[in-house]
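Here are my notes on the fold and the sheet, as numbered points. Please read them alongside the sequence and the coordinates.

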Amino acid sequence: MLEATVMIAHPEGLHARPAAEFVKLANRYQASVRVRSNAREANGKSIISILGLGAKQGTQVTLLVEGDDAEQALHALEHFLTERSA
């Protein structure tokens with residue numbers, strides 16, 4: 001399992017549209033994706049689960065990725081969370 005901790009840069013955090021885009025990106029990969037924030041953990045491929053985190057801009061999250069294409073998925077999702085702007 002690969003793991004990375006990043007800070008959410010998007011002004012909207014992981015709400016509505018950014019959350020949907022994150023899930024769409026995660027679903028491009030076969031690897032399982034989990035997102036941990038504070039004491040909560042979400043399925044990175046489920047919009048409802050991601051929205052349930054309530055992650056805002058500046059929130060630190062940990063990505064946990066496992067599977068054949070985990071390295072590519074982790075890199076893409078890290079980039080998505082840290083390079084988003086309005």
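**Notes on the predicted model**

1. The protein has 86 residues and a radius of gyration of 11 Å, which agrees with the value near 12 Å that a compact globule would have. The radius is taken over C-alpha atoms, and the globule rule is 2.2 Å times the number of residues to the power 0.38. Along the principal axes, the C-alpha atoms fill a box of roughly 30 × 25 × 20 Å.

2. This is a predicted model, in which local features need pLDDT of at least 70 and side-chain atom pairs count only at pLDDT 80 or more, while totals for chains, interfaces and linings use all residues. Residues are numbered from 1 along each chain as its sequence is written, and side-chain values use heavy atoms, with hydrogens and water left out.

3. The protein contains 3 helices and 4 strands, in the sequence pattern β-α-β-β-α-β-α. Helices (H or I, at least four residues) and strands (E, at least two) are DSSP runs, numbered from the N terminus.

4. The 4 strands form an open antiparallel sheet in the order β1-β4-β2-β3; two strands pair if DSSP finds at least two bridges between them. β1 (2–7) and β3 (40–43) stand at the edges with a single partner strand each, so one side of each has no neighbour in the sheet. On average, neighbouring strands are turned by 25° against each other, direction ignored.

5. β1 pairs with β4 (residues 60–66) in the antiparallel sense over 6 bridges. In this pairing, threonine 5 stands opposite threonine 62 of β4.

6. β2 and β3 run antiparallel and are joined by 4 bridges, with valine 35 opposite alanine 42 in β3. The two strands form a hairpin with 2 residues between them, and asparagine 38 in the turn has a positive phi of about 55°.

7. Helix α3 (residues 70–83) lies across β1, β2 (32–37) and β4, and runs at about 5° to β1. Axes are lines fitted to C-alpha atoms, for helices over the stretch in contact, and angles run from 0 to 180 degrees between N-to-C directions. Contact means heavy atoms within 4.5 Å.

8. Among contacts between residues at least 6 apart in sequence, 69% join residues at least 24 apart.

9. Of the 86 residues, 42% count as buried, meaning under 20% relative accessible area with a 1.4 Å probe, protein chains only. The protein exposes about 4,800 Å², and carbon and sulfur atoms supply 46% of it; accessible areas come from the Shrake-Rupley method with a 1.4 Å probe.

Notes. Buried means under 20% relative accessible area, exposed over 50%, partly exposed in between (1.4 Å probe, protein chains only).
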